[in-house]
Amino acid sequence: VYGQVLIREAREWNRARARGSDAEGTTRPGTGGILFREGKGRDALFCLLKDTAGDTAAVDFAHAMDRLELPVYRTQSDRTALLIIDPQRSFTDGEWMLSLGPSGERETLPIRRAFDTCARLLEAVYHRMEVMFTRCPFPPESYGWDQRLEGILDAGQDYFIKPSNNVLMPPTNGFREWVDALMGQGIKTLVMGGCTLNSCVRVSACAVRDAFPTEGVDVVVDLNLCGARASNYLGSPQFDGMSPVESAILQMQGAGVVVAESVEWLM
């Protein structure tokens, strides 16, 4: 039911990189310049929250971003890998969204916005650099890629099964071996996005940062590629007045994860 899983063959990837080919997982040497840059993500999300979750959520989000002062992170695409967490239709038009009840469609709008941004990035970088994905084991009708990614990804695109919030679990899903192979090929930065920001992205980013030495790989979370339920951008007594999203960002930063307002991809 859940399709073929795990990593592509490392030896094929190594051969393709050695040849300098245009095959998936490689990047041709460039002459410099910007491969992809997505701006004004903060403003777009502010307007979206204002329309869907109300003025309070939008203002809470704006204040949180002002306090955090997150950077724009610049990275060379040929030395960076991209991991998108669970870009599945369940979160925008399936089981997970429906489980939220009548407010589900409104609550998931920030996730849809994040998947839109992921799709625009993939249109620019897919087949030009190393890109991987995770999937949660939802029922078949909710398991597939979000519709925004359809037509971009290959039919046989590999991915990691992630039954929990942690991309490293189960330990046999091939993720650790994939990161080891990346480091062996000189890829030192892993950029993460997807959903949800305060759950699977947070847990996975912290777990990856803890599992691999800091001199081996930098773990970067691109907020522009991430989404959470609209209500999770609203301040909560559970987090001493902070929103679950702001609390997640602070937890990732405390674990040594670089949290960026956006990532600028350089050739």
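Okay, let's start inside helix α10: its buried residues are Leu 197, Asn 198, Cys 200, Val 201, Ser 204, Ala 205, Cys 206, Ala 207, Val 208 and Arg 209. Buried here means under 20% relative accessible area, exposed means over 50%, and partly exposed is in between, with a 1.4 Å probe and protein chains only. Helices (H or I, at least four residues) and strands (E, at least two) are DSSP runs, numbered from the N terminus.

Before I go on, a word on the source: this is a predicted model, where local features need pLDDT of at least 70 and side-chain atom pairs count only at pLDDT 80 or more, while totals for chains, interfaces and linings use all residues. Residues are numbered from 1 along each chain as its sequence is written, and side-chain values use heavy atoms, with hydrogens and water left out.

Back to α10. What do its buried residues pack against? They pack against β3 (80-85), α9 (175-184), β6 (189-195), β7 (218-227) and α11 (244-254). Contact, by the way, means heavy atoms within 4.5 Å. The helix covers residues 197-211, and because we expect 1.5 Å a residue, its 15 residues should span 21 Å; the end C-alpha atoms are 20 Å apart, which agrees. That expected span is 1.5 Å times one less than the number of residues.

Ser 204 counts as buried because its relative accessible area is 0%. Leaving out residues up to four places away in sequence, Ser 204 touches Ile 85, Lys 162, Asn 165, Asn 166, Val 167 and Met 192. Its C-alpha atom is also 7.2 Å from that of Leu 168, which is 36 residues away along the chain.

Now zoom out. The protein chain has 11 helices and 9 strands, and 53% of its 267 residues are buried. Of the contacts with a separation of 6 or more, 80% are between residues 24 or more positions apart.

Another helix to look at is α7, residues 109-125. Its 17 residues should span 24 Å at 1.5 Å a residue, and the end C-alpha atoms are 24 Å apart, so the two agree. α7 is mostly covered, with 13 of its 17 residues buried.

On to the empty space. Rolling a probe the size of a water molecule over the atoms shows where empty space is left. On a 1 Å grid over the protein atoms alone, a cavity is a set of points where a 1.4 Å probe fits but cannot get out, and a pocket is an open set with protein on both sides within 12 Å along at least five of seven lines; lining residues have an atom within 4 Å of a point.

How much space lies in the largest pocket? About 240 Å³. It is lined by 24 residues, and the closest to its centre are Gly 41, Arg 42, Met 65, Leu 223 and Glu 261. α2 (41-52), α3 (55-68), β7 and α11 each supply at least two residues of that lining, and α3 gives the largest share, 4 residues.

As for cavities, there are 2 of 30 Å³ or more. The second largest cavity holds about 30 Å³, and its lining includes Phe 36, Glu 38, Asp 222 and Trp 265. β7 and β9 (262-266) are the elements that give two or more residues to this lining.

Most residues other than glycine have a negative phi, and most peptide bonds are trans. Here, though, a cis peptide bond joins Met 169 and Pro 170, with omega about 0 degrees, and Pro 170 is in the loop between β5 (160-161) and α9. Another cis peptide bond joins Cys 195 and Thr 196, with omega about -10 degrees; Thr 196 is in the loop between β6 and α10.

Then there's phi. His 127, in the loop between α7 and β4 (130-135), has a positive phi near 75 degrees. Asp 240 also has a positive phi, about 55 degrees, and lies in the loop between β7 and α11.

Is Asp 240 buried or exposed? Exposed, because its relative accessible area is 76%. His 127, at 32% relative accessibility, counts as partly exposed.

How values were computed:
Points joined across faces, edges and corners; volume = space filled by probe spheres on them.
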